Amino acid sequence: MAKVQASGMINGYASGKFRPNSPLTRAEAVVILNKLLGREPIEGSTMKWNDVAEGFWAYDDIQAASNVYVEDVLATR
């Protein structure tokens with residue numbers, strides 16, 4: 001766990017706690033996948049999902065994960 005935390009892939013919670021046995025939420029999974037794919041959060045974009053509030057902690061990461069990227073399109077050819 002210390003290696004994963006040191007890599008920056010998983011940072012834990014704002015309280016400083018790290019809960020490795022807790023279920024992973026959709027938002028947490030999106031943040032991890034964005035980090036693995038090298039995608040930065042997108043700020044100020046138009047809302048794409050009606051169940052994600054603009055003030056939600058992972059909003060910008062969810063917006064980034066919802067975009068179509070050129071490399072994704074090229075990989076399917």
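Because the model is predicted, local features are reported at pLDDT of at least 70 and side-chain atom pairs at pLDDT 80 or more, whereas totals for chains, interfaces and linings use all residues. Residues are numbered from 1 along each chain as its sequence is written, and side-chain values use heavy atoms, with hydrogens and water left out.

The secondary structure consists of four helices and zero strands, and the order along the sequence is α-α-α-α. Contacts were assigned where heavy atoms lie within 4.5 Å. Among contacts with a separation of 6 or more, 41% join residues 24 or more positions apart.

The protein has 77 residues, of which 18% count as buried. A residue is called buried under 20% relative accessible area, exposed over 50%, and partly exposed in between (1.4 Å probe, protein chains only). Accessible areas come from the Shrake-Rupley method with a 1.4 Å probe, and for residues only the protein chains shown count as cover.

In soluble globular proteins, nonpolar side chains tend to be buried together. A nonpolar core is defined here as a set of buried Ala, Val, Leu, Ile, Met, Phe, Trp, Tyr and Cys residues joined through side-chain atoms within 4.5 Å. The largest such core holds six residues, namely Ala 27, Val 31, Val 52, Ala 58, Tyr 59 and Ile 62. At least two residues of this core come from helix 2, and at least two from helix 3. When neighbours within four places in sequence are left aside, Ala 27 is in contact with Phe 56, Trp 57 and Ala 58.

A pair of aromatic rings is described by the distance of the centres and the angle of the planes. Rings of Phe, Tyr and Trp (its six-membered ring) were paired if their centres lie within 6.5 Å; planes under 30 degrees apart count as stacked, over 60 as edge-to-face and the rest as tilted. One aromatic pair was found by this rule. Phe 56 and Trp 57 form this tilted pair, with 5.8 Å centre to centre and 50° between the planes. Phe 56 counts as partly exposed because its relative accessibility is 36%, while Trp 57, at 56%, counts as exposed.

Trp 49 lies in the loop between helix 2 (26-37) and helix 3 (59-65). With a relative accessibility of 44%, Trp 49 is partly exposed. Not counting residues up to four places away in sequence, Trp 49 touches Ile 62, Gln 63 and Ser 66. The C-alpha atoms of Trp 49 and Tyr 59 are 9.6 Å apart, with the two residues 10 residues apart in sequence. Glu 43 is found in the loop between helix 2 and helix 3 and is exposed, at 67% relative accessibility. Glu 43 and Ala 64 are separated by 21 residues in sequence and by 8.7 Å from C-alpha to C-alpha.

Helix 2 contains Asn 34, which is buried because its relative accessible area is 2%. Apart from neighbours within four places in sequence, Asn 34 is in contact with Arg 39, Asp 61, Ala 64 and Ala 65. Asn 34 and Ala 65 are 31 residues apart in sequence, and their C-alpha atoms are 6.7 Å apart. Leu 37 is also placed in helix 2; at 55% relative accessibility, Leu 37 counts as exposed. Leu 33, Leu 36 and Leu 37 form a nonpolar surface patch, with about 320 Å² of accessible area together. Patches are made of residues with over 30% relative accessible area and no salt bridge, with like charges joined within 9 Å and nonpolar side chains (Val, Leu, Ile, Met, Phe, Trp, Tyr) within 5 Å.

Side chains of opposite charge can pair when their charged atoms come close. A salt bridge requires a side-chain nitrogen of Lys or Arg within 4 Å of a carboxyl oxygen of Asp or Glu. The structure holds one salt bridge. The side chains of Asp 51 and Arg 26 meet in a salt bridge at 3.7 Å, N to O. This pair links distant parts of the chain, 25 residues apart, with Asp 51 in the loop between helix 2 and helix 3 and Arg 26 in helix 2. Asp 51 is partly exposed at 49% relative accessibility, and Arg 26 is exposed at 68%.
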